[in-house]
Amino acid sequence: MKIGTVDLSPPFALAPMAGMTDTAFRRLVKRKGGCGLVVSEMVSSEGLVRGIDRTLEYAEYTEEERPVSIQIFGGDPAKMAAAAQIVEGMGADIVDVNMGCPVPKIAKHNAGCSLMREPEHAQAVVSAMTKAVRIPVTVKMRAGWNETEINAPELAKRMQDAGAAAIAVHGRTAAQSYTGSSDWDLINRIAASLTIPVFGSGDCVEPAQLVDRLHQGSVAGVLVGRGALRNPWIFEQAAAIARGERPREITMVERGQFLLDYIDLLLSERTREAEGFRHVAPGAGAEPLRGHHKWVVNKLRALNSWYTKGIENGSHLRVAINSAESIPHLRDIIAEFFELCAAQPHSN
């Protein structure tokens, strides 16, 4: 699969998830193999253009994540074009437009999924971006705003006409959020109607589902969100199935080590990295985040609301991690639960 001149192999991608798909998580997923593309958390176009520090941090990525897509949101064509130029200047491979976020605080600013309610304006946004940058511009959308406003087929055609290089469709409406089921019949109809690649998204939580969706429909790729939070090895396993191999079982030791590695990467943000390894937006500071250890503990709490699902006694681990007050305590909890030999920092 290719998006513009960017080769994706395999055609499985990690979806953008606010608060979850930070650069540390994306790096670990890429290290497991099978993931052809990672997409950043959504980044405010307004914040990028104004140089707001916290916004700039969301746009950071590292060399080992390539190919990497930075997702931006906003409703003003000029600002979205300017933000896309900043993303291009950072050296990102792709810039993605968020037209799928159903969260009211995003939608009320004429951004996210609310853009789908104004197809002409949405087309103007993407057209302005494609004219402003040389890297591929892609769009992530939902089926529509609600069951009476399912307009993804029309909007997808408009995005193609505006110069988008690829589209991702989540088969739920904004009103559904993450309830009900993703409409893969709709996704495949859209994919069959366009000449640009289409990613399908929704309800892919098992490795075999990724392969089935790819082979049994018209999509060129599969975008995975919550399934990767539960199982960061889902791409590796899906790639094995696609090759006709039996996917390997992930051990409890590996699952525990993933969390320890995640802690280490979060703790070493912007430190112990080769020059040029981390890409930052213009004006982004180089100082560690305030309250860094507390931030790391909170990141583990957020991940483990998903990561512990399906693990025997996972609820006990979730409760224990939610009670952790320090990094050493957090490491000890993980080491004990997963029966690791030691909770010492893992070298990267």
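Strands here are DSSP runs of E at least two residues long, numbered from the N terminus. In this predicted model, that numbering puts Pro 67 in the loop between β6 (61-62) and β7 (68-73). A cis peptide bond links Arg 66 to Pro 67, with omega at about -10 degrees. Another cis bond joins Ser 9 and Pro 10, this one with omega of about -5 degrees, and Pro 10 sits in the loop between β2 (6-7) and β3 (12-14). For context, most peptide bonds are trans, and most residues other than glycine have a negative phi.

Phi turns up positive, near 55 degrees, at Ser 177, in the loop between β10 (166-173) and α8 (184-193). Ser 177 is partly exposed, at 27% relative accessible area. Glu 339 also has a positive phi near 55 degrees; this residue falls in the segment after α15 and counts as exposed, at 67% relative accessibility.

The largest nonpolar core holds 97 residues, and Leu 48, Met 99, Met 141, Met 159 and Phe 235 touch the most other members. Helix α12 (residues 252-267) is the top contributor, giving seven residues to this core. Leaving aside residues up to four places away in sequence, the contacts of Leu 48 include Val 43, Leu 56, Ile 72, Ile 86 and Ala 281. A second, separate core has 13 residues, among them Leu 8 and Ile 94.

As for helix pairs, the axes of α14 (residues 314-323) and α15 (residues 327-337) come within 9 Å and cross at roughly 165 degrees. Angles over 145 count as roughly antiparallel, so α14 and α15 are roughly antiparallel to each other. Their crossing is right-handed. The residues in contact include Leu 317 and Ile 321 from α14, and Ile 333 and Phe 337 from α15; the contact comprises seven nonpolar, three polar and no charged residues.

Note on methods: Residues numbered from 1 in each chain as written. Predicted model: local features only at pLDDT ≥ 70, side-chain atom pairs only at ≥ 80, totals over all residues. Heavy atoms only, no water. Core = buried A, V, L, I, M, F, W, Y, C linked by side-chain atoms within 4.5 Å. Buried < 20%, exposed > 50% of the residue type's maximum accessible area, 1.4 Å probe, protein only. Helix = DSSP H or I, 4+ residues; strand = E, 2+ residues; numbered from the N terminus. Contact = heavy atoms within 4.5 Å. Axes fitted to C-alpha atoms, helices over the stretch in contact; angles between N-to-C directions. Parallel < 35°, antiparallel > 145°, perpendicular 65-115°, else oblique. Left-handed = near helix turned anticlockwise from the far one by under 90°. Nonpolar A, V, L, I, M, F, W, Y, C, P; charged D, E, K, R; others polar.
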